[in-house]
Amino acid sequence: MGIAVISGVLASLESTSSPHHTAKWESHTPGTLTPTVQFPSDESLPSRFLACVSREESGKRLRELFLPLGGLGSSVEVLVGENVRAVREADVVILCCKPQLAQSILTEPGLKEALDGKLLISILAGVTIAQLTALVTPATKVIRAMPNTPCRIREGMTVVSTLPQSDSLELDRSIILKIFSSIGRCRFLDEKHFDACTALSGSGPAFACVVLEAMADGGVMMGLPRAEALELAAQTLQGAARMTLQAGTHPAQLKDAVTTPGGCTIAGLLALEDGRVRSTIARAIQIATERASELGQPSKK
C-alpha cells in the first residue's frame, strides 16, 4: 500500500506539471484540488519522498520500481534500516506496515523522539489511535487513514480520521488532502467507522473483482472470447460506478432504468436473487468488518 500511495502522488505531481495535463473525469472531494507544482513555496505540497524498508532486497526492488520512472520517480530516496534518520528528516510520516509490526517499529530507539511534533499518518487496519498515541510523545499528531489499492492509478478511496485540535490544524488538513485527494476520493470520518471502511473500501476491490470475474466467466460460457468478455465486464462496472458518482444516481434507479418488462435483465436479476447475491455481498462486508476489528489487537488466549 505504501508503494500505491507514493506512486499515485508522484503520478499526480508529474501529470499536473506536464504541458499536456488533462483534468481527471471527476474532481473527487468537493473543495479539494489535485496538487500542482505551480507554487513550490506551498508548505503543504509534498516535495521530498523517503521510502523506508527493513531488508536490502526490498530496497533493491523499490529502486528498480522508481528509478526507471524518471522525473520525480528517480528522486525517491530508498532507505534500508534507517527509520530514525528518515523520520528526523521528514515533516509527515506515513506508517505502512503489517499491523503486528507497529509496536516494534515505533519503539525503535530514537524513533519516539524523532516523531515529536510530527504528523504521523497510520494506514494500519485495526490499530487504533489510542494504541499509537501510547507509543509516541504527546506532541506527535496521530491520525488514521484507510486508502485502498486503486490509489496507485489515482482512483482510490481514502477515509481519514477526524483531526486532533492543534495550532497547525488547517495546515495538517491541507497536507492530508494534498496527499489523498491526489490519488482518489478522500473523506473524513470518526475513527469508530474505520473497521467498516476497512471492509468496504479496503477489501472492496477484491470483492468487486470476484463479481467482475464472474460476469466475464458468464460471457465466456455464452461464447464470448475471454479478452473481450473481460473488457465488457470491466467497462460495464466502471460505467455504472461513474454514473453513481458523477450523476449522484442511486444504484436502484440505474437498475430499474435498464430493466424492461419481460426482458433479459429482469430474468438475470431474478437469478441473482435466487442465489442470494445481494445478502451474500452484504454479509461479506459484515464479516470483513468483524475481522478488521481484530487486526492489530492483542491475541486472546
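With which residue does Arg48 form a salt bridge? The partner is Glu89, and the closest N and O atoms of the pair are 2.8 Å apart. Here a salt bridge is a side-chain nitrogen of Lys or Arg within 4 Å of a carboxyl oxygen of Asp or Glu. Arg48 lies in the loop between α1 (2-17) and β1 (50-53) and Glu89 in helix α3, so the pair ties together parts that are 41 residues apart in sequence. Helices (H or I, at least four residues) and strands (E, at least two) are DSSP runs, numbered from the N terminus.

The structure is a predicted model, in which local features need pLDDT of at least 70, side-chain atom pairs count only at pLDDT 80 or more, and totals for chains, interfaces and linings use all residues. Residues are numbered from 1 along each chain as its sequence is written, and side-chain values use heavy atoms, with hydrogens and water left out.

Side chains of opposite charge can pair when their charged atoms come close. In the whole structure, twelve salt bridges are found. Arg48 and Glu89 also belong to a network of salt bridges that links them with Glu77, Glu82 and Arg85. Arg48 is partly exposed, with a relative accessible area of 42%, and Glu89 is partly exposed as well, at 35%. On this scale, buried means under 20% relative accessible area, exposed means over 50%, and partly exposed lies in between (1.4 Å probe, protein chains only). Another pair joins Arg63 to Glu56, with the closest N and O atoms 3.2 Å apart. For Glu294 and Arg291, the corresponding separation is 3.0 Å.

Helix α3 (residues 83-89) also holds Asn83, which UniProt lists for "binding site" in an unreviewed entry. Such annotations may be inferred rather than shown by experiment, and UniProt positions are given in the numbering used here, with feature names shortened. Leaving aside neighbours within four places in sequence, Asn83 is in contact (heavy atoms within 4.5 Å) with Cys52, Ile105, Glu108 and Leu111. Lys112, in helix α5 (residues 111-114), is in contact with Leu106, Leu135, Val136 and Thr137 when its neighbours within four places are likewise set aside. Lys112 and Thr140 are 28 residues apart in sequence, with 8.9 Å between their C-alpha atoms.

The elements giving two or more residues to the patch are α9 (204-221) and α13 (277-292). Leu237, found in helix α10 (residues 226-247), is partly exposed at 31% relative accessibility.

Arg154 has a positive phi of about 65°, lies in the loop between β5 (141-146) and β6 (156-161), and is buried at 10% relative accessible area. Arg276 has a phi near 55°, lies in the loop between α12 (264-274) and α13, and is exposed at 59%.
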